[in-house]
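Reader: Please take me through this model feature by feature. Give me the general idea each time, then the case at hand.

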Amino acid sequence: MLSASWWISAVVVAILLTTWVTFTVTRLDRLHAKVDAAQAALDAQLVRRSAALLHVAEMPRSGVPDEHALQLAHAAHSALAVDLLDRQAAENQVGRAIGGLANLRPVLAVDAVAELSEAATRVAIARRFYNDSVRDTRSLRARRMPRLLHLAGHRELPQFFDIDDTNLLAVPYQATGDELGRIEESSA
Amino acid sequence: MRIGIVCPYSWDVPGGVQAHVRDLAETLIGLGHQVSVLAPGEEDSPDLPPYVVAAGKTVPIRYNGSVARLQFGLVSATRVRRWLRDGVFDVVHVHEPAPPSLSLLTCVIADVPLVATFHAASTKSRFLAMFDSLLQPFMERLSGRIAVSQAARKMIVEHLGADAVVIPNGVAVSSYEHAKPLPGYPRPLELGGTIGFIGRYEETRKGMSVLLDALRILAATRPGVELLIAGAGEQADFVASLPDELRANVVMLGMVSEADKASLLHSVDVYVAPNTGGESFGIILLEAMAARTPIVASDLDAFRRVLADGRAGVLFKNRSATDLARALQLVLGDSALRGQLSAASVEVVRPYDWPVVASQILRVYEIAVAASVH
């Protein structure tokens, strides 16, 4: 009797464990695939931002002073280089180059500012979504059972992408929700 | 884009989330997108707009101090599946995916790029916090999160360990801009001026007592001044509690529809927000700005910011009836100032106009779709 019930519990435990492992492996697969997709999306937005910076630097009537335009083009070219060693540093350069234009805002062409600001906003969104999926993946991989059972296989641990993506070119009075911090619902 | 939106609360009950979903859906349709909204409700309900699909009966549940009508079950799951299959959406946008709701159910079932908007600024319930780790497998399917305020974003960061893009609530500026005044309004200013107030006037933090004290001061020099009050409350009790000398100056409108709210804003010379404390005040200031109604508001941080540091409204010292009376006197007595305030309002409210807000949401959709496995 004792051994029969022992066997039954062992089988139940085995079934539960298998189910859980399958579930977790599927979750990890999905998460890694999502990190890859989010990375591709972030990469596309970063390239778009550098391209926008290059475009503005070479724009005939952008309003950017010539010596400044060279700097901008340089930052953009470095970030677009294929053999990039430190992507985050290069992208921070691009971000700083765009942010540096905030002071020149009154003399800049409106479409130049719009193009750069849109590209910068998109980078900030894509980076947030990428880091979210990295965080989800890392926290599941860091849990005891997935770690012990080596459920992530040999896949590389995804890394956060840390750059300063503050958009200094954002339109004044751009709605950010800050003002609405304390508003919860319409009260009428 | 083919966009599916899930509203967790019944369409027939008025509420902030429902209004948000309705305005978003209608704005997106106006921009040429194909939109379908899934919301709890009876299938044969005649009042549903054509873009809403009913997900069936709801069960009323006490949640965060109010009764929400929620659903979670096999029948609902079937409806969600059918809606997803028929819709062939490029992106599905769920609102307030807290358990147990249609939004969360959609997160569990859907195999499309998912975006979620979080409206609540606080999760008071410990009961919900218990579910966090159980929900994680479904929450991690979200490709993008939106918070309607910095406070809501803070909740997501602290509570769900994720980040969010802040996109504020929108205001349908054009419908407020072009509303007609109530019959008999606007009254000639020579009568003493008309002041508007919208909100639950019995709640202390809405500052009605400050406003009534200020009104008494104002009535000394402007005997014909009128205060129009709209909002929920025990009207008879409130009127009975008014000091005798003010009874003639106060007009109660009771609960008003959204259209009447816009009309009220066009009927008054100045709108007052005398709120004494932060917690919640509503989107009403944005609506008043959209209607170009000059605003007088207490100098709370949130008000100061939304009114562009006083450019789009005159601020008075919080809780000070004398300072409120001074501010009202100033605005009612100076037509050039009222003109300036209206002009500034139009500019300040522009980023909150639904088409602008919807374009920010569309940008999130595009990036979320690109960041999803499909």
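Reader: Is B:Glu96 buried or exposed?

Author: Burial is a count: a residue is buried if 20 or more other C-beta atoms lie within 10 Å of its own, exposed if 12 or fewer, and partly exposed in between, with C-beta atoms placed from the backbone. B:Glu96 has 24 other C-beta atoms within 10 Å, so B:Glu96 is buried. This is a predicted model, where local features need pLDDT of at least 70, side-chain atom pairs count only at pLDDT 80 or more, and totals for chains, interfaces and linings use all residues. Residues are numbered from 1 along each chain as its sequence is written, while chains are lettered from A and ligands numbered from 1 in the order in which they are written.

Reader: Where is B:Glu96 found?

Author: Helices (H or I, at least four residues) and strands (E, at least two) are DSSP runs, numbered from the N terminus. B:Glu96 is in the loop between strand E6 (91–95) and helix H3 (102–109) of chain B. Its phi is positive, about 50°, although B:Glu96 is not a glycine.

Reader: What is the phi of B:Arg319?

Author: B:Arg319 also is not a glycine, and its phi is positive at about 70°. B:Arg319 lies in the loop between E15 and H13 of chain B. With 17 other C-beta atoms within 10 Å, B:Arg319 is partly exposed.

Reader: Which peptide bond is cis, with omega near -10°?

Author: The one from B:Tyr185 to B:Pro186. B:Pro186 sits in the loop between helix H7 (173–177) and E10 of chain B.

Reader: What span does H13 of chain B reach?

Author: The expected span of a helix is 1.5 Å times one less than its number of residues. H13(B), residues 321–332, has 12 residues and reaches 16 Å from first C-alpha to last, close to the 16 Å expected.

Reader: Which residues of H13(B) are buried?

Author: B:Ala321, B:Leu324, B:Ala325, B:Ala327, B:Leu328, B:Val331 and B:Leu332. They cover an arc of only 165° around the axis, which puts them on the same side of H13(B). The arc is that of the directions from the helix axis to the C-beta atoms.

Reader: What covers the buried residues of H13(B)?

Author: Look for contacts: two residues are in contact if their C-beta atoms, placed from the backbone, lie within 7 Å. The cover includes strand E10 (194–198), helix H8 (208–221) and helix H14 (335–349) of chain B.

Reader: At what angle do H1 and H15 of chain B cross?

Author: Axes are lines fitted to C-alpha atoms, for helices over the stretch in contact, and angles run from 0 to 180 degrees between N-to-C directions. The axes of H1(B) (residues 16–30) and H15(B) (residues 354–370) come within 10 Å and cross at roughly 85°. Under 35 degrees counts as roughly parallel, over 145 as roughly antiparallel, 65 to 115 as roughly perpendicular and the rest as oblique. H1(B) and H15(B) are therefore roughly perpendicular.

Reader: Which residues of H1(B) and H15(B) meet?

Author: B:Asp23, B:Leu24, B:Thr27 and B:Leu28 in H1(B) meet B:Trp354, B:Pro355, B:Ala358 and B:Ile361 in H15(B).

Reader: How many helices and strands does chain A have?

Author: Chain A has 5 helices and 0 strands. Of its 188 residues, 37% are buried.

Reader: Which residues of H2(A) are buried?

Author: A:Leu72, A:Ala75, A:Ala76 and A:Ala79. They fall within an arc of 95° seen down the axis, so they line one face of H2(A). On the other side, A:Asp66, A:Glu67 and A:Leu70 are exposed.
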